[in-house]
Amino acid sequence: MNEEMFKALRSDIRAGLDVTSAVGNRELTQYIERTILDSENLRYLTAQEKHELVKRLFDSFRGLDVLQPLVDNPAITEIMINSHTEIFVEEEGQIRRLHLEFESSSRLEDIIQTVGCAFTISDSK
């Protein structure tokens with residue numbers, strides 16, 4: 001699945017969510033799963049690819065977007081972000097550029113605000 005298709009699917013999911021009420025993690029996951037399983041355009045994906053797509057979409061709504069799998073990977077010791085299109089990691093003492101990017105600079109700014117707020121809240125305790 002290319003990035004344009006991912007962005008379109010994410011946009012469709014966002015448009016289908018009820019913004020007037022809180023959606024729990026379980027309900028969001030189920031909604032994403034239903035959307036993927038019902039999509040004629042995604043029938044060619046394997047079960048594993050669909051599972052990975054569900055996780056990636058969930059992370060884009062509730063986690064740290066493209067950074068979430070990196071944060072969850074204990075082998076990665078540092079994440080460096082130069083722009084929304086330039087992401088590097090240090091793993092086993094080696095720095096490498098990833099073929100990942102945020103959908104926009106404003107999405108990266110949203111993640112930065114989220115992380116900044118988390119540190120502010122934990123620092124105040």
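Arg-10 lies over the face of Phe-61, 4.8 Å from the ring centre. A charge sits over a ring if NZ of Lys or CZ of Arg is within 6 Å of the ring centre and within 35 degrees of the ring normal. The charged end of Arg-56 likewise sits over the ring of Phe-6, at 3.7 Å from its centre. The model is predicted: local features need pLDDT of at least 70 and side-chain atom pairs count only at pLDDT 80 or more, while totals for chains, interfaces and linings use all residues. Residues are numbered from 1 along each chain as its sequence is written, and side-chain values use heavy atoms, with hydrogens and water left out.

A cavity is a set of points on a 1 Å grid over the protein atoms alone where a 1.4 Å probe fits but cannot get out, and lining residues have an atom within 4 Å of a point. The volume of the largest cavity is about 50 Å³, taken as the space filled by probe spheres set on the points, which are joined across faces, edges and corners. Helix α1 (residues 3-16) gives the largest share of this lining, four residues; helices are DSSP runs of H or I with at least four residues, and strands are E runs of at least two, numbered from the N terminus.

Elsewhere, strands β1 (residues 76-83) and β2 (residues 86-91) pair in the antiparallel sense over six bridges, where pairing requires at least two DSSP bridges. A hairpin through two residues joins β1 to β2, and Ile-79 stands opposite Val-89 in β2.

Notes. On a 1 Å grid over the protein atoms alone, a cavity is a set of points where a 1.4 Å probe fits but cannot get out, and a pocket is an open set with protein on both sides within 12 Å along at least five of seven lines; lining residues have an atom within 4 Å of a point.
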